[in-house]
Amino acid sequence: NSASWINLNGFTNMNPSNYWSSTTYASYGRSTSSQAWVVDMKAGTSKSSGKNSIFYVLPVRSGDNVKK
């Protein structure tokens, strides 16, 4: 599953479950503000879900861009 792979490649303690994306779901070019994309870390798929659903969150930021 995707959680096992990502645990071996830079992250730790990932659960094989659903994680929120920050992207609002758009269907056929129309934004559906009540839904967002979700990534299923067990199946390795994505889907939309209502924003009132309870899923994991993975906070990430861009890497340090410091010239040495």
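Biologist: Why is Tyr19 called buried?

Modeller: Buried means under 20% relative accessible area, exposed means over 50%, and partly exposed lies in between, with a 1.4 Å probe and protein chains only. Tyr19 has 7% relative accessibility, so Tyr19 counts as buried. This is a predicted model, where local features need pLDDT of at least 70, side-chain atom pairs count only at pLDDT 80 or more, and totals for chains, interfaces and linings use all residues. Residues are numbered from 1 along each chain as its sequence is written, and side-chain values use heavy atoms, with hydrogens and water left out.

Biologist: What does Tyr19 touch, not counting residues up to four places away in sequence?

Modeller: Contact means heavy atoms within 4.5 Å. By that rule Tyr19 touches Met14, Trp37, Val38, Val39, Met41, Tyr56, Val57 and Leu58.

Biologist: What makes the largest nonpolar core?

Modeller: A nonpolar core is a set of buried Ala, Val, Leu, Ile, Met, Phe, Trp, Tyr and Cys residues, joined through side-chain atoms within 4.5 Å. The largest one has five residues: Ala3, Ile6, Met14, Tyr19 and Met41.

Biologist: How many aromatic pairs does the structure hold?

Modeller: The structure holds three. Tyr19 and Tyr56 form one of them, with 5.2 Å centre to centre and 25° between the planes.

Biologist: Why is the pair of Tyr19 and Tyr56 called stacked?

Modeller: Rings of Phe, Tyr and Trp (its six-membered ring) pair if their centres lie within 6.5 Å; planes under 30 degrees apart count as stacked, over 60 as edge-to-face and the rest as tilted. The centres of Tyr19 and Tyr56 are 5.2 Å apart and the planes 25°, which makes a stacked pair.

Biologist: What does this pair tie together?

Modeller: Tyr19 lies in strand β1 and Tyr56 in the segment after β3, so the pair ties together parts that are 37 residues apart in sequence. Helices (H or I, at least four residues) and strands (E, at least two) are DSSP runs, numbered from the N terminus.

Biologist: Is Tyr56 buried, exposed or partly exposed?

Modeller: Tyr56 has 38% relative accessibility, so Tyr56 counts as partly exposed.

Biologist: What makes Asn13 exposed?

Modeller: Asn13 has a relative accessible area of 71%, so Asn13 is exposed. The residue lies in the loop between α1 (2–7) and β1 (18–27).

Biologist: What is the phi of Asn13?

Modeller: Asn13 has a positive phi of about 60°, although it is not a glycine. Most residues other than glycine have a negative phi.

Biologist: Why is Leu58 called partly exposed?

Modeller: Its relative accessible area is 33%, so Leu58 is partly exposed. Leu58 is found in the segment after β3.

Biologist: What share of the chain is buried?

Modeller: Buried residues make up 19% of the 68 residues.
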